[in-house]
Structures are given as C-alpha cells and as structure tokens.
Amino acid sequence: MTDVATATITSDLDRAKADLAALGYCLLEGVMKADRAAAVRTRIADLAEAEIAAGTDYVYENGANQRVWTLLNKGDEFADIALDPTVTDLMSQLLGYGFLLSNIDANIAGPGGKPMFLHADQSFAPPPWPPWPLVANAMWMLDDFTAENGATRVVPGSHLKGEGPVPTLEDKITTPVTGPAGTVMVFDGRLWHQTGANVTEGQRRHGILAYYCRPFVRTQENWFLSIDPDVLERRPELRALLGYELYLSLGMVDGMPRQGPRF
Ligand SMILES: O=C(O)CCC(=O)C(=O)O
C-alpha cells in the first residue's frame with residue numbers, strides 16, 4: 001500500500017497518544033529492554049514446546065501458528081507485563097477507570113502461516129459502536145516484527161468507522177506494523193487488524209497480547225475459574241485488574257459493602 005499514514009515508533013508518550021487518537025494505534029519503543037524481551041521470548045518458546053509435549057497445546061493454522069493462553073498462571077513475568085505502567089496509563093485513557101484485563105496470551109506466527117481473518121477486537125458488540133473503544137490491546141513484540149515474519153497488519157484510521165470489517169483473509173488493504181523487539185503496539189479495540197502471513201523460511205514471530213476491556217464488558221478469560229489462587233496471593237495488585245473489586249455496583253457480593261451507599 002502507498003501513501004498510508006502510519007504510526008511513528010517513539011518514546012514520546014504525547015506523540016504516541018496523538019497516533020492512537022488519529023490512527024487507532026501507536027508504537028512505543030524500548031518499553032521492554034532487549035535483554036528482558038529475549039528472556040520473555042525464551043520463556044514463551046519453552047512453554048510452547050512444553051505444551052506440545054504435554055498435549056495441551058493450542059497449535060492452529062495447519063501447524064504453523066501457536067497460542068499460549070492464560071499466561072498469568074505460567075510465570076510472574078507475565079503479571080509484570082499485564083501491569084506495565086506505560087501501557088496501563090494508555091489503557092486508562094482509552095478505557096476509563098476500573099478497566100479489566102480481558103486476557104493475556106502469546107501468539108507465535110510461524111513459517112507458512114496465512115493471514116488471520118481481518119477483525120476488530122470488539123466485534124462481539126453489535127454496531128453502531130459508541131464513539132469510544134470497549135476494549136483495547138497491547139502487542140508486545142518479542143522478536144523484530146517484519147512484513148515477512150507475520151507482523152500484525154492494520155487498517156490505520158479504521159477505528160473511526162463505527163463498525164467492524166467484513167472478515168476476510170485478504171491482506172491487501174492492511175499495512176504491516178513493524179518494529180524492533182521490545183516495542184509495544186497499543187491499539188484501540190475498534191481498529192481493523194490481522195496477524196500477517198509468515199513467508200520466511202524459518203523465523204517464528206513471538207508476540208504477547210495483553211488485552212483489556214471496560215469494567216462492564218465480559219472478559220475473554222474467565223478469571224474466576226482459571227486464575228491460580230497462588231498467583232493472586234503472590235500478586236494481590238492483580239485483583240482489581242481481574243474483576244475482584246467493585247466497579248460502581250458491579251461485582252457485588254451479598255450487596256454493596258454495608259458501610260457504602262444503599263440503593
Ligand atoms: O498476532 C497478531 O499479530 C494479532 C493477533 C490478533 O489479531 C488477535 O489476537 O486478535
């Protein structure tokens with residue numbers, strides 16, 4: 001594609017916020033230092049291999065791609081990613097106070113993988129959409145993302161269309177979002193996007209999607225069933241993010257706390 005406005009890779013938060021508003025996504029460089037990105041990548045690759053060996057894997061796309069789900073139960077480094085202050089600051093701007101973690105998983109795009117269907121992450125909501133996002137996502141690049149190895153592809157500005165796309169595997173209307181390992185792409189839940197095709201001979205593209213939602217939207221992961229209680233005990237700061245705290249009158253247990261407002 002030519003002449004498409006695309007986000008600038010930056011460490012300037014104001015610049016990133018401007019891209020997010022105008023284009024529906026932004027790119028922040030170096031939020032994760034190179035050695036940390038490499039260590040997290042190794043951990044994801046090990047988990048992916050171990051899940052295949054255990055028969056609990058989520059391999060798809062004819063064996064080319066693999067998801068590793070529910071990362072909070074698979075290492076405290078993933079709680080740090082979910083709670084990252086730069087990303088959560090942007091999330092509170094996009095989603096308001098009390099936002100939740102909808103899910104956190106890894107997506108590995110391997111050689112031979114075709115494009116994912118074009119979608120927006122809030123396609124569960126019927127159109128017309130409100131003029132603000134219901135959900136938002138952060139893609140943490142653990143490898144250099146390139147057009148060849150399956151970088152996420154987006155339609156810049158599509159977050160303003162008010163509805164999702166007709167799902168298609170076509171990648172001609174999308175543009176690849178490339179960046180060095182350690183870059184994080186934060187994107188509005190209305191943005192049309194897809195995983196790119198991986199046309200390399202042997203590169204596996206590792207990324208972590210930390211996916212958030214407004215506090216009145218159902219989370220993708222059912223945390224109440226899936227979170228390991230030891231994780232919550234070790235990392236109590238996750239409680240609010242996973243929906244264990246009240247949001248106005250949502251999330252009550254036997255009514256509101258007795259010292260609070262009555263209705
Ligand atoms: O892995 C990617 O590049 C994007 C994945 C994606 O679009 C999704 O999980 O909704």
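**View 1. Helix H1 has buried residues.** In helix H1 (residues 13–23), Ala16, Asp19, Leu20 and Leu23 are buried. Buried means under 20% relative accessible area, exposed over 50% and partly exposed in between (1.4 Å probe, protein chains only). Helices (H or I, at least four residues) and strands (E, at least two) are DSSP runs, numbered from the N terminus. The buried residues of H1 fall within an arc of 100° seen down its axis, so they line one face of the helix. That arc is taken from the directions from the helix axis to the C-beta atoms. Asp14 and Ala21, on the other side of H1, are exposed. This is a predicted model: local features need pLDDT of at least 70, side-chain atom pairs count only at pLDDT 80 or more, and totals for chains, interfaces and linings use all residues. Residues are numbered from 1 along each chain as its sequence is written, and side-chain values use heavy atoms, with hydrogens and water left out.

**View 2. Asp12 and Gly24 flank helix H1.** At the start of H1, a side-chain oxygen of Asp12 comes within 2.9 Å of the backbone nitrogen of Asp14. Gly24 follows H1, with a positive phi near 90°.

View 3. A polar side-chain atom of Arg67 lies 2.9 Å from an oxygen atom of the ligand. For an N or O atom in the side chain of Thr152, the distance to a ligand oxygen atom is 2.6 Å. For His193, the corresponding distance is 3.0 Å. Taken alone, the ligand exposes 290 Å², and the protein buries 93% of that. Accessible areas come from the Shrake-Rupley method with a 1.4 Å probe.

How values were computed:
Polar contact = N/O pair within 3.5 Å; in protein donor to acceptor, adjacent residues only side chain to side chain.
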